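Please walk through the model shown here, one region after another.

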Amino acid sequence: MPHAEGKVAAPFRLRVAGQDNSYGGPGLSIRGMPPYDVIVLGSGPAGLTAAIYATRANLKTLVIAGAVAGGQLMITTDVENYPGFPKGVQGPELMELWRQQTARFGAEFVDDNVTKVDFSKPPFKVWTSDGVHEGRSIIIATGANAKYLGLPNEERLKGRGVSACAVCDGFFFKGLDVVVVGGGDTAMEDSLFLSKLCKTVTVVHRRHAFRASKIMQDRLFKTPTIKVIWDSEVIDVLGDQRVEGVRIKNVKTAQTTDLKVRGLFLAIGHDPATDVLRDQLRLEKGYIVLRPHDGFSTATSVHGVFAAGDVHDFRYRQAVTAAGFGCMAALDAEKWLQGHE
Ligand code: NDP
């Protein structure tokens, strides 16, 4: 989920559906309030779906939405693969509808970032800039951000040929030439996916060996429309209104070459938003590790704390799968709470 790095945290806002503020004006102390049944961290597809299911199970639910609410779909334009929208939908519009649906059932929202958590014993504690919130159970749905190269023209042309999600955007590049950057399993998977749609796929990798699993590499090498450029980095993205090409540099010879392509797909990893969770839960490479027990498949290493979406799922990373995980986490939390009245 995107965070407003370098921005001052948003003023405290606690909101209830259809009302300005159920507990009074900004700055009101929330200490001493009874704990929520569920606190959901994150307001992307996983978090909001969890909140819909939790509130409809009559659980008192708080969503800590983040200072920049809505998750990765807020920075996406056309979403054509989310079921129920035959003509597609804009990412921000989808999230706005989702939030309205969540609020309809009484979920409360704090549009702020989490600064600290304490999961050592229930009720679990979650801090935002204005105070501490207590929850009998927690659902973590803070997501993961795709990494980008950090080039100015890459930023400018995001959504106009630059993408970090081949499954989401590949269809827009049907019959065109594209570049994929990266050498891990995601780069292999994205390249193979794109090779079924695009005229050619060129994988640009900064070393002379992929780190991806052997089986994925073999599949890639066997695909005639995919070629690999080794020891090279993308150093610029070319094009005015849309991507027209990329400039690459051989890291050994320093020679630069321009490739004429219409798409640039980044597959250089993701950063799960788990900074504040360190030392509280079992993480691996920054992702939450699920520890299913007693039929709770979204359980984490702390009983009563559940996880949903890209914060644990590095594999599927789709809005629809995140929503599915959100539903599962809410059902797990509900059942867990029943056993811990
Ligand atoms: P990885 O971290 O495995 O790979 C990232 C790749 O991007 C590396 O090859 C790395 O190069 C390259 N890279 C990183 N930063 C830059 C940069 N600034 N410029 C150029 N290249 C860069 O990420 P993945 O997303 O591929 O995979 C994450 C995890 O998810 C892995 O454990 C993977 O196995 C798993 N996964 C599993 C799948 C499956 O089982 N089907 C599918 C997808 C992912 P270098 O190698 O030089 O470090």
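**A walk through the model**

Leaving aside residues up to four places away in sequence, Ala 164 touches Ala 146, Tyr 148 and Leu 266. The model is a predicted one. Ala 164 sits in the loop between strand S11 (162–163) and H4. It counts as buried because it has 24 C-beta neighbours inside 10 Å, and the cut-off for that class is 20 or more. Ala 164 is also 8.3 Å from Leu 264, C-alpha to C-alpha, although 100 residues separate the two in sequence.

Helix H4 (166–169) is among the elements that cover the buried residues of H5. The others named in that cover include strand S12 (177–181), strand S13 (200–204), helix H6 (214–221), strand S14 (226–229) and strand S18 (263–266). On H5 itself, the buried residues are Thr 186, Ala 187, Met 188, Asp 190, Ser 191, Leu 194 and Ser 195.

The ligand has 18 residues around it, of which Gly 182, Gly 183, Gly 184, Asp 185 and Thr 186 come nearest. Sorted by class, the shell around the ligand holds seven charged, six nonpolar and five polar residues.

Next come the nonpolar cores. The largest of them has 56 residues, and Ala 50, Ile 139, Ile 140, Ala 308 and Ala 329 have the most contacts inside it. Helix H7 (residues 319–338) gives the most to this core, with nine residues. Apart from this core lies another, of 30 residues, among them Ala 166, Val 181, Cys 198 and Ile 226. As for Ile 140, its contacts are Leu 41, Gly 42, Leu 277, Ile 288, Val 305, Ala 307 and Val 311, when residues up to four places away in sequence are not counted.

Strand S9 (residues 131–140) runs antiparallel to S8, and five bridges join the two. A hairpin of two residues connects S8 to S9. Within this pairing, the bridge partner of Val 126 in S9 is His 133. On its other pairing, S8 is antiparallel to strand S7 (residues 116–118), over three bridges, and Val 117 stands opposite Val 126 in S8. The hairpin that joins S7 to S8 passes through five residues. Pro 123 has its place in this loop between S7 and S8, and a cis peptide bond joins Pro 122 and Pro 123, with omega at about -5°.

Which residues of strand S8 (residues 124–128) lie on its covered face, and which on the uncovered one? Phe 124, Val 126 and Thr 128 make up the covered face, while Lys 125 and Trp 127 make up the uncovered one. In a regular strand the side chains alternate between the two faces of the sheet.

Strand S15 (residues 232–238) and strand S16 (residues 245–250) pair over six bridges, and the partner of Glu 233 in S16 is Lys 249. Six residues lie between these two strands in their hairpin, and Gly 239 in the turn has a positive phi of about 130°. S16 in turn pairs with strand S17 (residues 256–259) over four bridges, where Ile 248 stands opposite Thr 257 in S17. The hairpin of S16 and S17 has five residues between the strands.

Two residues in the loops beside these strands call for a note on phi. Most residues other than glycine have a negative phi. Ala 254, in the loop between S16 and S17, has instead a positive phi near 70°. With 7 C-beta neighbours inside 10 Å, Ala 254 counts as exposed. Asp 231, in the loop between S14 and S15, is not a glycine either and has a positive phi of about 50°. Asp 231 counts as partly exposed because it has 15 C-beta neighbours inside 10 Å.

Conventions
Residues numbered from 1 in each chain as written. Predicted model: local features only at pLDDT ≥ 70, side-chain atom pairs only at ≥ 80, totals over all residues. Pairing = 2+ DSSP bridges. Near = placed C-beta within 6 Å. Nonpolar A, V, L, I, M, F, W, Y, C, P; charged D, E, K, R; others polar. Core = buried A, V, L, I, M, F, W, Y, C linked by C-beta atoms within 7 Å. Buried ≥ 20, exposed ≤ 12 C-beta atoms within 10 Å, placed from the backbone. Contact = placed C-beta atoms within 7 Å.
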